[in-house]
Structure formats: C-alpha cells, structure tokens
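Keep the sequence and the 3D view side by side.

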Amino acid sequence: MANDFMQISDMVADALDVSDAEISDLLDSAPLVAALPMEESSNGSTHKFSKETGAPVVGWRAENAGRDFDSSADTIVTATLKILDFSWQVDKAVADAWRKGRENFVAREGLRHLKAALFSYEKQLIGGTVNGDASGFAGLADSTGLDAAADDMVVDAGGTTADTGSSVWGIRLGANDVTGVYKGDGPSLDLGETIVTNFVDGSSKNLPVYYTPACLWLGVQIGGARSVGRIASVTADAGAKLDDQNISDLISKFPAGAGPTHLVMSRRSLAQLQQSRTATSTTGAPAPFPQESFGVPIITTDGQIDTEALL
C-alpha cells in the first residue's frame with residue numbers, strides 16, 4: 001500500500017471559523033475490545049496455558065471394598081502473539097503550520113492511529129486469519145471447534161447465498177475463558193520518541209517528517225472448548241436471518257451455569273433480531289433495538305463482517 005500522508009487539505013479544521021469538534025465518517029469503534037479483559041502473556045510473544053481435558057474417574061464403593069485411583073488430564077495450549085504496528089509520520093512543514101502547535105498535530109494523528117489499531121485488533125479477534133489479516137494472530141474464526149457447521153458449539157443458521165454470511169458469537173469473557181493477551185516480560189507498548197527524519201517519497205524525492213514508532217504484541221486466549229459458541233451462515237436469505245430461537249440454540253450449547261457473558265454481532269444481525277420480535281406496545285410501536293437476549297448483553301460491532309464464506 002502506498003504511503004498516505006496528511007495534507008494541507010486535511011487541515012481545513014484549522015481555520016478560525018471552523019469548529020474544534022473531531023468528526024469522523026469511519027466505522028472504526030472497538031466495543032468488544034472495550035469489554036475484553038486483558039492479561040500478560042506467559043512468555044514474551046508466546047502465551048501458554050493449561051486446560052483440563054480429562055476428568056478423573058470417581059465412583060461409589062461398598063464398605064471395606066476399595067476402588068482404583070485415577071487422575072485428571074491437562075493439555076498445554078499455545079497462543080502466538082503478533083505485532084500490531086501503528087507507527088506514524090507527518091510532513092514536518094504541515095505539522096509546523098498547525099495553529100495549535102506541532103506537538104498537538106502529531107498527537108492528534110497518533111490518537112487516530114491508535115483508534116485504527118484497536119479496531120484492527122477487534123477485527124482480528126473475531127475474524128482471525130480467515131476473515132481478518134493473514135499476518136495477524138489466530139482469532140475466533142480460526143478455532144477448530146468453530147469452523148464447521150457440524151461442530152458441537154456451532155449453530156447453522158442455514159444461509160445459502162455465497163459470501164453473504166455473518167456470524168453471531170456467544171463469548172464467555174474471563175480469566176479462565178476468553179481474554180486478550182499482550183506481551184509480558186518487558187514493555188507491552190513500544191511507543192518511541194518522535195524524531196525528525198528524512199523520508200524518500202514515491203518519486204525518490206526527499207522531505208523531512210516527524211516520525212513516531214509505535215507497536216504492540218497482541219493475541220487472544222480462548223480458554224476452553226466451550227468458552228465460545230457461534231451462530232454461522234446468518235444471511236439475508238429467508239429462514240436464515242437471526243432470531244431469538246438461534247440464540248436460544250446457541251446458549252443451550254454452553255455448560256449449565258457457565259453460559260456466554262456477551263453476544264457479539266454485526267449491525268445487520270441486530271436489525272434482523274429486532275425485526276424478528278413482535279412489538280407488544282399498546283400504541284403499535286415497533287420493538288426497540290435489542291440490548292440483550294435471554295439476559296445476555298449484546299455487543300454490536302463493525303468488526304464482524306457480513307461477507308463471510310458459508311460454513
């Protein structure tokens with residue numbers, strides 16, 4: 001991708017008669033990341049954790065009669081972190097012309113890069129290398145127990161139109177289930193000092209820029225086989241739209257007393273859920289946009305795409 005610098009035309013808001021309000025047309029908020037608990041990796045860029053994969057055999061016995069002892073079984077799981085780079089640079093002359101000062105301009109651009117980075121993390125958490133960035137870490141969509149319609153924790157919504165699928169995720173957030181992971185053993189955020197350096201543009205010409213290096217090592221821990229569930233192949237096809245029955249089927253796949261803490265879906269799926277509900281208002285007003293289903297809060301995010309391949 002070619003470098004994309006801030007230009008003088010981007011500084012229209014610097015005019016004295018323009019509001020200081022920061023307005024954006026971009027769909028880049030990260031509500032799932034905002035709710036996600038974070039923990040340090042166990043060993044730098046690699047995070048290993050143990051999960052119980054076998055329960056000990058126990059049983060009743062008669063008086064004076066023994067029984068065989070047994071033990072539980074554990075498996076070590078490895079989650080590999082990847083580098084999320086949001087370094088930025090701006091033309092020195094453009095920054096120096098900023099009415100509020102060059103430090104303010106550099107910081108303003110940095111905050112926007114950080115916001116974009118968090119949204120990139122959100123998309124990677126959900127889509128992983130399948131629907132996110134192939135250079136990123138493995139996310140929910142990469143999980144072997146969630147990538148086929150016949151998987152135990154998957155509900156198939158039955159969509160048939162190719163590449164119009166969406167997923168609704170039931171996620172159990174918590175230290176023993178799903179958490180974000182950042183690099184331990186040293187600084188997790190590598191935010192370097194802003195310096196003036198030379199930049200060679202696409203025409204092999206030189207210009208001075210303010211450059212700030214910034215990167216994070218990030219990944220995700222998916223604790224157990226029943227920490228996440230998925231309603232897959234939700235489309236706009238008749239009979240394949242999201243409704244409360246789909247969500248009921250999803251929640252029923254979780255263990256008793258350990259259901260999902262959140263439902264994560266796209267705006268299209270939220271609209272489908274709203275339209276599937278019958279209004280009970282005496283005025284005939286339509287049902288409101290759902291905030292929860294069966295008591296489980298809903299997170300709506302643009303990080304969940306509506307162009308997935310069908311499972």
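**From one loop to the whole fold**

Start at D177, which lies in the loop between β7 and β8 (178-182). This is a predicted model. Is D177 buried or partly exposed? Its relative accessibility is 16%. Buried means under 20%, so D177 counts as buried. What does D177 touch? Leaving out residues up to four places away in sequence, D177 touches R172, Q221, I222, G223 and S227. With S227 there is also a polar contact: the two side chains are joined at 2.8 Å.

Now step back to the whole protein. It has five helices and 16 strands. Of its 311 residues, 38% count as buried. The accessible surface comes to about 17200 Å². Carbon and sulfur atoms hold 52% of that surface. Look next at contacts between residues at least 6 apart in sequence: 75% of them join residues at least 24 apart.

Next come the sheets. Strands of a sheet pair through backbone hydrogen bonds, either parallel or antiparallel. β6 and β13 run parallel and are joined by three bridges. Within β13, A232 stands opposite D156.

R268 counts as partly exposed, because its relative accessibility is 23%. Which residues does R268 touch? Beyond residues up to four places away in sequence, they are T164, G165, S166, V234, T235, A236 and D306. I305 is 37 residues from R268 along the chain. Their C-alpha atoms are separated by 9.3 Å.

Helix α4 comes next, at residues 244-251. Its buried residues are N246, I247 and L250. Seen down the axis of α4, they fall within an arc of 95 degrees, so they line one face of the helix. What covers them? The cover includes β6 (154-156), β7 (166-171), β13 (228-234) and β14 (262-265). It also includes α5 (267-276) and β15 (292-293). At the start of α4, look at D243. One of its side-chain oxygens reaches to within 3.2 Å of the backbone nitrogen of Q245.

Finish with another open sheet. Three strands form it, in the order β5-β11-β10, and the pairing is antiparallel. The edge strands are β5 (88-91) and β10 (195-200), each pairing on one side only. On average, neighbouring strands here are turned by 45 degrees against each other, direction ignored. Six bridges pair β10 with β11 (residues 206-212) in the antiparallel sense. V200 has N206 of β11 as its bridge partner. Helix α3, residues 102-131, packs on this sheet and touches β5 and β11. The direction of α3 makes about 140 degrees with that of β5.

How values were computed
Residues are numbered from 1 along each chain as its sequence is written. This is a predicted model: local features need pLDDT of at least 70, side-chain atom pairs count only at pLDDT 80 or more; totals for chains, interfaces and linings use all residues. Side-chain values use heavy atoms; hydrogens and water are left out. Buried means under 20% relative accessible area, exposed over 50%, partly exposed in between (1.4 Å probe, protein chains only). Helices (H or I, at least four residues) and strands (E, at least two) are DSSP runs, numbered from the N terminus. The arc is that of the directions from the helix axis to the C-beta atoms. Contact means heavy atoms within 4.5 Å. A polar contact is a pair of N or O atoms within 3.5 Å; within protein, one must be able to donate a hydrogen and the other to accept it, and residues adjacent in sequence count only if both atoms are side-chain atoms. Two strands pair if DSSP finds at least two bridges between them. Axes are lines fitted to C-alpha atoms, for helices over the stretch in contact, and angles run from 0 to 180 degrees between N-to-C directions. Accessible areas come from the Shrake-Rupley method with a 1.4 Å probe; for residues, only the protein chains shown count as cover.
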